[in-house]
Amino acid sequence: MLATPAQAAMDVYGALVSGDAVITGDRINRNGTASTCGAAKPFPGTLPPSGLRYDQLGYTNTGPAQCVTFQVTGNCPGSGAMLTAYSGSLNPADVSVGYLGDSGASSNNNTVQSLSLDMAAGQSIQLVVSNGTAVEDCAYHVTSIEPLGTGTAAAVPSLGQWGLALTGLLAAGLGARRLRRRAA
C-alpha cells in the first residue's frame, strides 16, 4: 500500500512590524515542549513582557479528522517567532482563552519549529504568530503539513502589513511622478 504524499496546504509569508496588533497581557511561556497529536498539551502558563506583536492566520481542515502539523520559520533577531493555535480569535489580554497548542519554542535564524493538532473534519482554528520582544521586526513563514489537498488557509493581514504595502506603493508612485516631471 502506498502512503499518501504530504504537501503544504497553508503557505503564508508575513512579517511582524511596528503598527501590528499587540498582546496586552503576558506572553505564553516557551517551555520547549511542542504540541503533538494524541495528547492535548496543557497551557504552559505566561511570562512577561506584554506588548508583543502578533498576526492571526485562519485555517480550516476540509478533510477527514486527522493530525495536522504546522511549521513556523522565522528570520528574526533575538527570541524569534512563536506559533500558537486557538479555537477562536486570540484574546490579547488573556492568551490562555481558547488555547489549543503551541510550538514550545521560537523560531529564529530560520530554524523550524512545529506544532501538531488532532483536528476534526471541518474544524477551523486560528494560528497566531508572535514575536519574542516588543521592539523587534520579524519576517516569518508558516506552512501546514497534512494529507494531500485536505485543508484551506486564509491569511488575515494585519494593519501593519497593509500600511507597509500602501506606503511602498505611495513611494513608488511619488518616485515615478518625480521622474516624469524631470523628463518634461
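Colleague: Is serine 35 buried or exposed, and how is that decided?

Modeller: The general idea is a cut-off on relative accessible area, where buried means under 20%, exposed means over 50%, and partly exposed lies in between, using a 1.4 Å probe and protein chains only. Serine 35 has 4% relative accessibility, so it counts as buried. This is a predicted model, in which local features need pLDDT of at least 70 and side-chain atom pairs count only at pLDDT 80 or more, while totals for chains, interfaces and linings use all residues. Residues are numbered from 1 along each chain as its sequence is written, and side-chain values use heavy atoms, with hydrogens and water left out.

Colleague: Where does serine 35 lie, and which residues is it in contact with?

Modeller: Helices (H or I, at least four residues) and strands (E, at least two) are DSSP runs, numbered from the N terminus. Serine 35 lies in the loop between E3 and strand E4 (46-47). Contact means heavy atoms within 4.5 Å, and, leaving aside neighbours within four places in sequence, serine 35 is in contact with Lys41, Tyr99, Leu100, Gly101, Asp102, Leu115 and Ser116.

Colleague: What does the side chain of serine 35 reach?

Modeller: The idea to learn here is the polar contact, a pair of N or O atoms within 3.5 Å; within protein, one must be able to donate a hydrogen and the other to accept it, and residues adjacent in sequence count only if both atoms are side-chain atoms. The side chain of serine 35 reaches the backbone nitrogen of aspartate 102 at 2.8 Å. Aspartate 102, which lies in strand E8, counts as buried because its relative accessibility is 0%. Its own side chain makes a polar contact of 2.4 Å with the side chain of tyrosine 99, and the side chain of aspartate 102 also reaches the backbone nitrogen of glycine 104, at 2.6 Å.

Colleague: Which strands pair with E7, and over how many bridges?

Modeller: Two strands pair if DSSP finds at least two bridges between them. E7 is joined to strand E10 (residues 124-131) by 6 bridges, and the two run antiparallel; in this pairing, methionine 82 stands opposite serine 130. With strand E8 (residues 99-102), E7 pairs over 3 bridges, also in the antiparallel sense, and here alanine 85 has glycine 101 as its bridge partner.

Colleague: Why is strand E7 described as largely enclosed?

Modeller: Strand E7 (residues 81-86) is largely enclosed by the rest of the structure because 6 of its 6 residues are buried. Ala81, Leu83 and Ala85 point one way from E7, whereas Met82, Thr84 and Tyr86 point the other way, and all are buried.

Colleague: How many cavities does a search of the whole structure find, and what lines the largest one?

Modeller: On a 1 Å grid over the protein atoms alone, a cavity is a set of points where a 1.4 Å probe fits but cannot get out, and lining residues have an atom within 4 Å of a point. Grid points are joined across faces, edges and corners, and a volume is the space filled by probe spheres set on the points. The search finds 1 cavity of 30 Å³ or more, and the largest cavity holds about 90 Å³ of space. Among the residues that line the largest cavity are Ile23, Arg27, Met82, Thr84, Tyr86 and Ser130. E7 gives the most to this lining, with 3 residues.

Methods:
1 Å grid on protein atoms, 1.4 Å probe; cavity = no way out; pocket = protein on both sides within 12 Å on 5 of 7 lines; lining within 4 Å.
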